[in-house]
Structure formats: C-alpha cells, structure tokens
Amino acid sequence: RMGARSDILVAVCLAGAQLCARALPQWCTQDFKARWPAFVAIPNGPSPDNLLPFDMLGFQEVATGIHNAGSACYMATAFQLLVSVPELLKAAADVNSAPNATAECARKVVADFGGIYATHAYNDNWPVPHVLAVDLQSKLRALSEEVCPEKHIFLANMPDDAGLALATILQMAQADGAEVQQVLGTWDGKHLTLGAKVVLYRPATETPGCEQEKPWGGALLVLKSFAVFGGGHWWAVVRVAGLWVKINDLELTSIAAPPSSAARVCVYTVF
C-alpha cells in the first residue's frame, strides 16, 4: 500500500514514543536465547553461542535473502535497506546509547536480527528462515502497538509500505534524530541537519525515483540502497562488495545499472 497512508502517518509515532506508559513486552528484558526461542530451535541451524555481531555487516560485503513472513515483502525490504548502510544500522542498533527503555527494546530487536542476518549471510549465504521472519514481524508489531498504535503496521499477512516500515523502526528505536534525517515528498524548503550521516528520502508517490548523487546543503549525498515497488511487491537494491544487487525475498541478482528512477525509498550517506 502506497501514498496517503504513508504520508499521513510518518510523524505519528514520535508522540506515541513520548506518551506511551504501558508495559513493554516481557521479552525486552530477557537474554537473546529467551527473546528468540525459534532461533535456538532451528534444526541444524547456527548456535546462539556462535551468533555474529550485527556490525559484521559494517562494510556490506555479504548479503542474503529473508523469507517472506506472509505478505511481508515490505518488512524484508525495509530491513535489507537498514543493514545495507553501516551508519544507519548502528544508529538503530546501538543499545548502549538508547535514551529510554522503549528505544532500548527496539534497538535490541534490530541488533538481534542484524546478528541473525549476519550469521546467515556469512554462512554460505543461507537465507533467514521463515520462522525468524515471522518472529521479527511479531516483535515489531508488539513494539509498534506500544509506541505508535495508530499505524497498524507489521500485521500478520497484511501488505504495507516499506518506507513506512523503515521509518517506524527508526522512530521506535529513536534513531531518527540528528544523524539520520528523513525527507518526505520533496526536498523543497528542507535543510540538511547539522551532523547528519544518513538521509532517508521517500519521494512522493506520483514522482518516484532518486538520484545517484545529490548535492544538498553544502554536502554530497551518495545513494547506497533503495526500495522499489511494482506489481504489488517490494524489493531492495543494495551495494554488496561494490556491486549493485537486487534482493527480492530469497533471490539475489547482480545488476549493472540500478533502476533508481522507480525507487520509492532512497538511502543516502552524507559526504
């Protein structure tokens, strides 16, 4: 789903993050094995004791697919964008600098799943199993119900918008401050935040696309990854070891010239 829903709800959940007083899910305070019992139970799967840290993805030298949790290509695409840019992933997964318990819990989820992704990517590019994608969706839904209940996102077997999903994850983790700036619709009248390292740009529905490079506010924005929506489906295009790779659920395909003119979500780093 595109357009009005995404545009109207982009700023809703900050107020929710500040006002929410309900108890967070119990798993927020548990250790990794208790938070992700499905990971522990996977037959012949990697051991939690050998889980790689999420910052193994720092140079995005590897990538892997994520099983579709059920009409959840938007969520898998959002996470592929998140892990594709080290500065963006660190901002959303830095548990130690979380400003409050809600942000800490959201950052644990991102850091956990980043480690799960890295572990599978470095293990002969195993895709992240369906059961873990479903578990991720469930955790994000539980948190979004606490922080931004108006969004009704991460619902089981319900399609949604990858840009809204990524924005929601960043807002729940309270990682969309000075270092991560979001631009919605148009660049007109907006200014580059001092200290910004990443810009998440979501063009208006009727004017998709993002430039490979964009001068802005005395800086140069360089495209690192983007999301495309077509035929009712989302997929990501990311840089892996210097090459552009299309990631469509489980399928990874190297491409020479990325179709960024069709992009609905663009992630830039700031130089």
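N96 lies in the loop that links α6 (86-93) and α7 (101-121). The structure is a predicted model, and the protein in it contains 9 helices and 8 strands. This briefing covers that loop residue and then the protein as a whole.

**Residue N96**
- N96 has a relative accessibility of 79%, and it therefore counts as exposed, the cut-off for that class being over 50%.
- N96 and R107 are 11 residues apart along the chain, and a distance of 9.1 Å separates their C-alpha atoms.

**Overall dimensions**
- The radius of gyration of the protein is 17 Å; this agrees with a compact globule, because a globule of 271 residues would have a value near 18 Å.
- The C-alpha trace of the protein extends over about 50 × 45 × 35 Å when taken along its principal axes.

**Burial and contacts**
- Of the 271 residues in the protein, 54% are buried, a class defined by a relative accessible area under 20%.
- Where contacts in the protein join residues at least 6 apart in sequence, 68% of these contacts are between residues at least 24 apart.

**Surface and charge**
- The protein carries 19 positive and 24 negative charges. The mean position of the positive charges and that of the negative charges are 3 Å apart.

Notes. Residues are numbered from 1 along each chain as its sequence is written. This is a predicted model: local features need pLDDT of at least 70, side-chain atom pairs count only at pLDDT 80 or more; totals for chains, interfaces and linings use all residues. Side-chain values use heavy atoms; hydrogens and water are left out. Helices (H or I, at least four residues) and strands (E, at least two) are DSSP runs, numbered from the N terminus. The radius of gyration is taken over C-alpha atoms; the globule rule is 2.2 Å times the number of residues to the power 0.38. Buried means under 20% relative accessible area, exposed over 50%, partly exposed in between (1.4 Å probe, protein chains only). Contact means heavy atoms within 4.5 Å. Lys and Arg count as positive and Asp and Glu as negative; His and the chain ends are not counted. The place of a charge is taken as NZ of Lys, CZ of Arg, CG of Asp or CD of Glu.
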